[in-house]
Structures are given as C-alpha cells and as structure tokens.
Amino acid sequence: MSTRKLPDAFLWGGAVSANQCEGAWNIGGKGVSTADVAAAGKHGQSRLYTEGILNDVYYPNHQAIDFYHRYQEDIALFAEMGFKCFRTSIHWTRIFPQGDETEPNEEGLAFYDRVFDECRKYGIEPVVTISHYETPLYLVEKYGSWTNRKMIDFYVKLCETLFRRYRTKVKYWMTFNEINVITLNPLIAAGIRAEQYDRPEQAVYQAAHYQLVASAKAVELGRRINPDFKIGMMMLYPLSYAETCSPEDNLENMHNMDLHYYFSDVQVRGYYSPKAYKFLQRKQIVLDVTPEDKRDLMAGTVDYVGISYYMSLVTSASPERKIQVKGNMLDGIANPYLEKSDWDWQIDGLGLRIALNNLYDRYQLPIFVVENGLGAVDDKREGEMIQDDYRIDYLKKHIAHMKDAVLLDGIDVMGYTVWGCIDLVSASTGEMKKRYGLIYVDRDDQGRGTLNRERKKSFYWYKNVILSNGEMLDESR
C-alpha cells in the first residue's frame with residue numbers, strides 16, 4: 001500500500017433513495033409513483049407491483065423509515081459520522097404529483113429545501129439523483145411511461161425546476177440511478193411491464209433511448225443554469241470474470257459487459273458505439289432517433305461516472321451454466337474463490353479496484369463510488385449495540401482496494417458513499433431484514449417497530465475512517 005493519502009477533498013459519505021427511506025407517500029401533496037405500488041416480496045423474493053393501491057396489501061415504502069419526518073435526526077447522525085456528502089434522490093411525484101403538471105408542488109420543493117439546508121448546516125454536500133427507481137404512476141398509465149417520447153419533456157421540466165430551485169444548494173447531480181437496469185428490470189427502473197408489448201426488447205431499448213436523450217438534455221440545461229454544477233451518470237457496474245481461459249468464455253464475458261457499456265458509452269462519449277448499432281441490428285431493434293436526438297446526446301455528455309458496486313459474477317459461454325444469483329438481477333455462476341453474503345451475493349473487494357481501472361481506462365473521467373455496502377441480517381438484542389463486524393470487514397476490504405486504485409493505479413476517484421448508510425427498505429425485495437445501515441432502524445418486514453435509531457459498531461468504525469481520510473481502516477470501537 002502506498003504511503004500517500006487520498007485527496008483532502010475526497011467525498012466520504014452515505015447514500016439512500018427517496019422511495020426507500022422517506023415514507024410519507026401521500027403527504028404534502030405527493031402523488032403516487034411506481035414505488036408506491038410495489039408490495040413486499042414473499043420470503044425474500046422479488047417485489048410484486050400491483051395495479052394501483054390495494055387495501056389488503058402491505059406496501060413497505062409507504063412509511064419506509066419515515067425520513068420525511070425524521071430527517072433532522074438522521075442528518076445529525078450523518079454529521080456525527082463526519083459525512084462530507086450525502087447522496088439522496090428526489091421523489092418526482094413530490095414535485096409533480098402526476099408528472100405532467102405545468103406548475104410544481106410547493107410543499108414538495110420546500111421539503112427538499114429543508115433537507116438540503118440541514119445538510120449544509122453541518123457542511124455536508126448534497127449529492128442528488130434526480131430519478132431513482134420511481135416513475136409517476138399517472139405517466140405510466142396515461143403515456144406508457146418511457147416508451148413515449150413525451151416523457152423526455154416531462155423529465156426535463158422536472159430537472160429545470162430542481163436546477164433553478166436548488167442552484168445554490170446542490171452542486172453534484174446524477175440524472176438516473178443505474179440507468180442500465182432498464183434492460184434488466186424495466187418495471188423497477190422505468191415503470192414498464194415489458195411483457196405487455198409484442199416486442200419487449202424493442203419497447204425497452206426505445207425507452208432507454210428516450211432516457212439517454214432526457215439525461216443529455218438535462219446535463220446541457222444544468223450547465224446553462226449553473227456552470228459550476230457537476231452532473232454525472234450512474235450505472236450498476238456488473239464486473240464479471242470468464243469462467244475459464246477458453247476464448248469462448250472470454251468472448252461471452254466481453255459481450256456481457258458490452259450490454260452495460262452500451263449506456264455509459266452514450267452518456268460519456270455522446271453517441272452510440274459501432275458495437276451498439278450491431279447489437280441493435282442483430283436484435284432487429286429499430287430506434288426512433290432524430291437528428292435533434294443526436295445533437296442533444298453529443299451536447300450533454302456527463303462530468304463524471306457514478307457507479308454501484310456490490311459483487312462480481314462469473315460468465316460462461318455454456319447456456320446450461322447460467323444461473324441467476326439469488327436476490328440480484330444479473331446472471332452469474334458461483335465463484336469458488338469468493339465468500340457470499342446472506343443473500344448469496346459474492347463478496348469481491350479486489351473486484352472494485354478492477355472495476356475502477358476498467359472504467360477509467362475506458363473514459364478518463366472522475367469516478368464516484370456512490371453505492372457499496374453489505375446487506376445482512378443483523379442480530380439485534382435489547383439494550384446491546386449491534387456488533388456488525390461482518391459489515392466492517394466488507395467495507396474495509398472494498399475501501400482498501402479503492403485506495404489502491406487511486407494511490408497505486410492513478411485512478412481519479414472523487415468519493416465513496418456507503419449504500420444504505422441507515423437501514424432502509426430493500427429495493428429488490430421490500431425487506432427490512434436485509435440491512436445495509438451503519439444506523440439501525442427499529443422496523444421489521446411487517447412494518448412493526450418504533451422506528452427508533454441506534455448506532456451500530458460500524459457507525460463508529462466508519463467515523464474513524466472518515467476522520468482519518470481512509471487511513472484508519474483497522475481501528476473500530
């Protein structure tokens with residue numbers, strides 16, 4: 001390990017999303033989003049999206065952890081840990097309840113004013129994702145969500161409203177959370193039930209194009225409103241290894257990664273790659289792309305690349321070897337060299353270093369690790385602090401390898417935010433028992449509990465990490 005240190009301006013912090021923590025789903029003029037009709041999955045399975053709100057169904061996001069009413073308490077805890085930044089998102093339906101209104105909802109705007117002001121009171125830089133796994137349900141039902149080109153204008157209007165309102169309060173933005181997930185789970189990512197279309201892939205990739213154009217237009221607009229904005233993209237980074245050294249396995253692995261670079265190539269470079277066009281031709285997908293779209297894509301390239309990284313996968317060219325890792329949207333094969341989490345996600349700290357090298361070699365843009373963390377079952381005993389050494393071990397390994405990427409490989413990493421810095425509702429299953437937090441929230445999978453907050457052992461460990469700018473990885477309380 002190099003003796004040099006991370007830059008003093010390195011952005012240490014934590015990350016959540018609005019729909020997984022805020023609650024208050026019908027308070028303050030908020031409309032219904034796709035996240036509000038996502039019921040909890042049974043026994044750790046994927047969530048069920050209902051047709052509207054049903055009276056006899058439990059929706060965990062409706063109250064979540066009630067950040068809406070407890071944000072001051074939570075941000076004070078983040079400040080106690082020493083956060084330099086806090087990544088959260090905007091509930092689109094808190095600003096435009098239906099999504100296509102001409103005027104925004106002032107109560108929603110005022111709520112985020114209070115959140116950002118509270119952050120800045122403690123010197124915490126807000127990092128804001130504009131769209132994070134929630135789409136106004138009205139836009140889904142009336143327009144077909146992102147399969148409709150009109151969504152571009154609705155989204156850009158949202159962005160303009162946010163950029164102008166918070167131009168002096170928010171510097172760091174991301175346009176879409178894990179934009180490549182639209183092809184893995186179009187329902188959670190974009191409110192699209194792909195199976196309802198005669199040609200599901202045509203519908204999904206057309207929707208993806210409209211999101212890419214919307215993102216680019218937002219970036220260009222944001223720079224006009226405040227040239228000091230830093231506006232990035234964000235992708236799920238699906239690092240995978242070929243199962244063997246056979247050329248066939250390695251070619252398959254390359255093709256799998258290309259499916260995800262399809263998105264980041266456009267957002268960073270401003271155009272579809274030749275590989276992307278060949279892929280679309282093979283699939284017989286014909287996109288509605290106008291000359292104006294091409295201009296917008298080129299004009300709205302991003303300032304940085306945000307990534308989520310939790311695990312790595314193994315790829316084989318043999319179809320019978322492909323399995324889906326439990327609780328995850330990616331296909332993969334178990335890696336015998338790696339340990340697994342409680343949800344069978346393969347723990348690969350060194351993989352983060354590899355991922356950062358891959359991305360920086362490809363794009364030469366700053367990288368922001370905006371999601372990394374361990375979902376686990378915490379053993380909570382009355383009156384005792386949770387001893388989550390397993391979470392500390394996971395984070396320690398990943399941060400150590402991230403530091404190696406910066407200090408030994410020369411990768412420009414601008415920050416690191418622990419995902420689910422406070423326990424929240426799982427996006428994939430709706431569970432509370434799948435806990436990521438450094439702060440415990442008293443709430444279970446049935447919505448029972450006081451919602452009281454308690455510091456875990458990892459809280460104090462991460463506090464020391466931030467205080468030492470990443471040097472004190474082996475010290476914990």
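Q: Hi! Let's start with Ala208: is Ala208 buried or exposed?
A: Ala208 is buried, with a relative accessible area of 1%. Do keep in mind that this is a predicted model.

Q: Which helix is Ala208 in?
A: Ala208 sits in helix α8, which covers residues 200-225.

Q: And what does Ala208 touch?
A: Leaving out residues up to four places away in sequence, Ala208 touches Ile182 and Phe263.

Q: Switching topic: where does UniProt put the "active site" feature?
A: UniProt places that feature at Glu371, and the entry is unreviewed. In the model, Glu371 belongs to strand β15, residues 367-371.

Q: Why does Glu371 count as buried?
A: Its relative accessible area is 4%, and buried means under 20%, so Glu371 falls in that class.

Q: Which residues does Glu371 touch?
A: Not counting residues up to four places away in sequence, Glu371 touches Arg87, His132, Asn177, Glu178, Met234, Ile307, Ser308, Tyr309, Tyr310, Thr417 and Trp419.

Q: What joins the side chains of Glu371 and Arg87?
A: A polar contact of 2.9 Å joins those two side chains.

Q: Glu178 was in that contact list too. Where is Glu178?
A: Glu178 is in the loop between β6 (172-176) and α7 (186-190). Glu178 is buried as well, with a relative accessible area of 6%.

Q: What about phi of Glu178?
A: Glu178 has a positive phi of about 40°, although it is not a glycine. For background, most residues other than glycine have a negative phi.

Q: And what is phi of Leu451 like?
A: Phi of Leu451 is near 70°, again a positive value in a residue other than glycine. Leu451 lies in the loop between β17 (439-441) and β18 (453-455), and at 5% relative accessibility Leu451 counts as buried.

Q: OK, on to helix packing. At what angle do α2 and α14 pack?
A: Helix α2 (residues 67-81) and helix α14 (residues 457-467) pack at about 55°, and their axes are 8 Å apart. The two helices are therefore oblique to each other.

Q: Which residues meet there?
A: From α2 there are Leu77, Glu80 and Met81, and they meet Phe459, Tyr462, Lys463 and Ile466 in α14. The residues of this contact divide into 5 nonpolar, no polar and 2 charged.

Q: Which residues does Gly470 touch?
A: Gly470 touches Trp12, Lys403 and Val465, not counting residues up to four places away in sequence.

Q: How far is Gly470 from Tyr277?
A: Gly470 and Tyr277 are 42 Å apart in space, C-alpha to C-alpha, and 193 residues apart in sequence.

Q: Last one: where is Arg94, and is Arg94 buried or exposed?
A: Arg94 is in helix α3, residues 92-95. Arg94 is buried, with a relative accessible area of 1%.

Q: So what is Arg94 in contact with?
A: Leaving aside neighbours within four places in sequence, Arg94 is in contact with Glu22, Gly23, Ala24, Ile27, Lys30, Tyr68, Asn105, Gly108, Phe111 and Tyr112.

How values were computed
Residues are numbered from 1 along each chain as its sequence is written. This is a predicted model: local features need pLDDT of at least 70, side-chain atom pairs count only at pLDDT 80 or more; totals for chains, interfaces and linings use all residues. Side-chain values use heavy atoms; hydrogens and water are left out. UniProt positions are given in the numbering used here, feature names are shortened, and annotations may be inferred rather than shown by experiment. Helices (H or I, at least four residues) and strands (E, at least two) are DSSP runs, numbered from the N terminus. Buried means under 20% relative accessible area, exposed over 50%, partly exposed in between (1.4 Å probe, protein chains only). Contact means heavy atoms within 4.5 Å. A polar contact is a pair of N or O atoms within 3.5 Å; within protein, one must be able to donate a hydrogen and the other to accept it, and residues adjacent in sequence count only if both atoms are side-chain atoms. Axes are lines fitted to C-alpha atoms, for helices over the stretch in contact, and angles run from 0 to 180 degrees between N-to-C directions. Angles under 35 degrees count as roughly parallel, over 145 as roughly antiparallel, 65 to 115 as roughly perpendicular and the rest as oblique. Ala, Val, Leu, Ile, Met, Phe, Trp, Tyr, Cys and Pro count as nonpolar, Asp, Glu, Lys and Arg as charged, and the others, Gly among them, as polar.
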